[in-house]
Amino acid sequence: MLKILKKVKAYFSLSILKENERYIFTLGLILILFLVWSGFIALKNGAFSLNSILAIHGSLLVWFVDLSIIAIPLLVLVALNHNKIRSRELMAQIKILADRIDQNIDIAEKIGEGKLEDITIKSDGKLSETLLNLGENLKRTKEKEEAFNWITKGKDQISDILRSHTKINELADSVIRGIIEYSGGIQGSLYLFENNALVNISTHAYNRKRYENQMISIGHGLVGEAAYEKEMIYRTEIPDDYFTITSGLLGERKPKSLVIVPLLQDDILQGVFEVAYLQNGLPDHVLYFAEELSSMIGRTFYNLKVNEKTEILLKESQDMTVTLKENEKQLQLNASEMLQAKEELERSNKLLETQIQEVEHAQKRLEALLTNASEFISIYNENQELLFESPSVKRILGYQDTDEIKGMDPDLLTPRGYKTINKLFQYLLETPGGEQIAQYTYLKKNGEKLFLETQGKNLLHDPAIRGIIFNTQDITERKRAEKEERMKSRMQSLSENSPDMIIRINPMGKLVYVNPQLAQFVGVSPSEIVKKRVKDLEVDERLVQYMLESLSQVREELIQTISEVEISGPSGTQIMEIKAIPELNEEKDLESVLFVAHDMTEFKKIEQEIKEKNKKISDSINYAQRIQTAILPDTDLLQQFFPRSFIFYRPKDVVSGDFPWLFKKDNNFYIAAVDCTGHGVPGALLSFIGYFLLNNIVNTERNMSAAEILDELHLEVRRTLRQDQEGANGRDGMDLALCKIDLESSELQFAGAHNPLFYLSDGELTVYKGSRKGIGGTPLKKKIEKDFENNIIEYKRGDKFFIFSDGLPDQTGGPKGRKYQSKRMRGVFEEDPTHTIAHYGRYFAEDFYDWMGDYKQVDDVLLIGIEL
């Protein structure tokens, strides 16, 4: 260190004549060397801390001050000897330098004494700034050390509290009080997590315990939010409705800061504590201290919970052990008594088993008799309540083994059967010792119908019975046999009087029955062929061959066959419709084949006549269709005048009552969609009338408007059908939409009889409705008819219009069987009015068939579209 100071002195000797700043730099260098040297000494002694550095500084500062007192005068004398002219300037600079040195000495002394808060800078010297920075670093180091010591001390205090308690409630009170007192809080609460909720178990304010029975759900409020997120919440903005602090000294005040900390054990929630503070904002070490307590307190509460549960289980185990010991003594006493009783019981059981076996054998014999009996026995008391029923009822009435037998179910009796049983019971009840038989219908559990016969006897006076006994048997087979016998007799009677020929043949091909009509059809009496085989019959070979083939088919497939066979008989050739019907027995085996032959000769003649007449009518209608097709315009003809156009035309029948009409005169084109009354032939006849009348009206020299044409057509139809004569009541006529197109003036006239015009121009659809009257029909008395309305449209190139009959809107179809309707057509035009006329033609043709689906066409369909 002395060598360094000598070098500094030599440096002053050589450079004292230089600029004054060198002095300041040299003194600063000495001070830095002083600080480095003091740190080196502290490191060498192994105690590099704030206190050790301050101690070293204190011992070296004295030496440093002495050195400064010697160095400053020396520097001044050298400077005065060198340059007396600058003595005054140097004195001033020396004074400034002395002041700085005094200031640096003051800073160094405060650092040495540890008074870091009182250090201030009064000049801008680099040495002063360096000393200040050193002081600030030492101050921050001291603050961190104090904060660390404060946290460590607080954790130790809380740890002591945690170790000193074994009861959760006591521990909660001590812990929350300790946190509040140590951290400077004014109120706090501790919540324990139980049954998916936070329960307040301790609250303290101003060193006094408060009793708050509070329960908070997870996620609700600040406490619930901290528990849900498992993260500490620090708030300096407290909600107005959270809580306030009331004190005799402070009055009612609202806390400024709030810390809420979840208590965790291995990231599992154990509880929450919250502490409120009056100061606005908390130091970082207080928040860190609160976070450190989370796992400490959470782990302790977890262990206490486990310990409490363990104590409870241990107490229950101890109580159970005492109880088991007491029971063991009693069991030992009881075991001795039971052993004696067991020996006595074994002797009694052997005797009892012998007696039981004898009774069981007798009971089995009786049960076998009752179960397999062809009838079942029932005993009822005077209140018609069942007392006994023999086991054979299960087999006869169709009960399952698991069904509880409760007698005959009234719901399974027919109304007549129910009345019969009640009448029988009433008679027996009124007649002691009396007997009576009744027959009735009953349904088995599986729905099968039974016929039962019950013989009842009143034995209420018999001490052994004391009831009314019913002996019931199933007579279904007997009833069926009686019915079959009646049916056979009835069928025999029907067969004998039937106009058809009936033959019954067994599976071997032998005739077992023939009715009297056989002689009428084949000329042989029944007695001559009965009992013979089919192949041996001397009748028409075609009948024999059919019977053999049908018999073979029925034997293989057990199905009915039907065919028409021509046979020769006394009345000549006859056409017979013969059915071969298999007759099966109860086992579904073929028992016989019944042949029933019906004379179809007259029916076939009538059928042939109808076919011939239908052919003539069809030929006439087809010829009319060719005529109608020849005179009516089609799409090809329309496109000669209007290339962008189409006609969708679908008659309901061969000929149609709807027809398109086209006429050209000079520069005018006339086009109409006409719908005549009816369809088929009647509609076609009216269509011819309308077609030629329109031609005649337009072909005159007079140039008429569209409405005038309809007015004239209206009168002409009435005259043609004589609807204008007295007493006429015909309503035949037609509806139509008529357009007159003037190519020179670009004018379109429209008039309609009920039917509208759809007009597309510039992307907008306009609907021109027709007049509310039709063409033709008997005029209404006392009612003046209005003329048809004429609509004039100035059209542009590219405009489109559509006219149609009511066949398309009225067509039934779609998923719900509803009408097509004109609004569906309007929707197509309005959805995208830019489509070409060809697109609309294809679309409506396809959409019509898709809509109609499997429904029938209801009327003739006609739709005409033209682009101008």
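**Figure 1. Accessible surface and overall make-up of the chain.** The predicted chain exposes about 51,800 Å², and carbon and sulfur atoms supply 52% of this area. Accessible areas come from the Shrake-Rupley method with a 1.4 Å probe, and for residues only the protein chains shown count as cover. The chain has 868 residues, of which 40% are buried; buried means under 20% relative accessible area, exposed means over 50%, and partly exposed lies in between (1.4 Å probe, protein chains only). There are 20 helices and 32 strands in the chain. Helices (H or I, at least four residues) and strands (E, at least two) are DSSP runs, numbered from the N terminus. Among contacts with a separation of 6 or more, 56% join residues 24 or more positions apart, where contact means heavy atoms within 4.5 Å.

This is a predicted model, in which local features need pLDDT of at least 70 and side-chain atom pairs count only at pLDDT 80 or more, while totals for chains, interfaces and linings use all residues. Residues are numbered from 1 along each chain as its sequence is written, and side-chain values use heavy atoms, with hydrogens and water left out.

**Figure 2. A negative surface patch.** Glu225, Glu229, Glu231, Asp266, Asp267 and Glu291 form this patch. A patch is made of residues with over 30% relative accessible area and no salt bridge, with like charges joined within 9 Å. A salt bridge is a side-chain nitrogen of Lys or Arg within 4 Å of a carboxyl oxygen of Asp or Glu. Asp and Glu count as negative, and the place of a charge is taken as CG of Asp or CD of Glu.

**Figure 3. Aspartate 267 in its loop.** Aspartate 267 lies in the loop between strand E8 (257-265) and strand E9 (268-277). Aspartate 267 counts as exposed because its relative accessibility is 51%. Its phi is near 65°, a positive value in a residue other than glycine. Most residues other than glycine have a negative phi.

Figure 4. Leucine 558 is found in the loop between helix H14 (541-557) and strand E17 (561-569). The phi of leucine 558 is near 55°, a positive value in a residue other than glycine. With a relative accessible area of 37%, leucine 558 is partly exposed.

**Figure 5. Serine 805 and its contacts.** Serine 805 sits in the loop between strand E29 (800-804) and strand E30 (812-813). Serine 805 counts as buried because its relative accessibility is 0%. Leaving aside neighbours within four places in sequence, serine 805 is in contact with Asp658, Asp675, Asn755, Asp860, Val861 and Leu862.

Key:
Patch = residues over 30% accessible without salt bridge, like charges linked within 9 Å, V, L, I, M, F, W, Y side chains within 5 Å.
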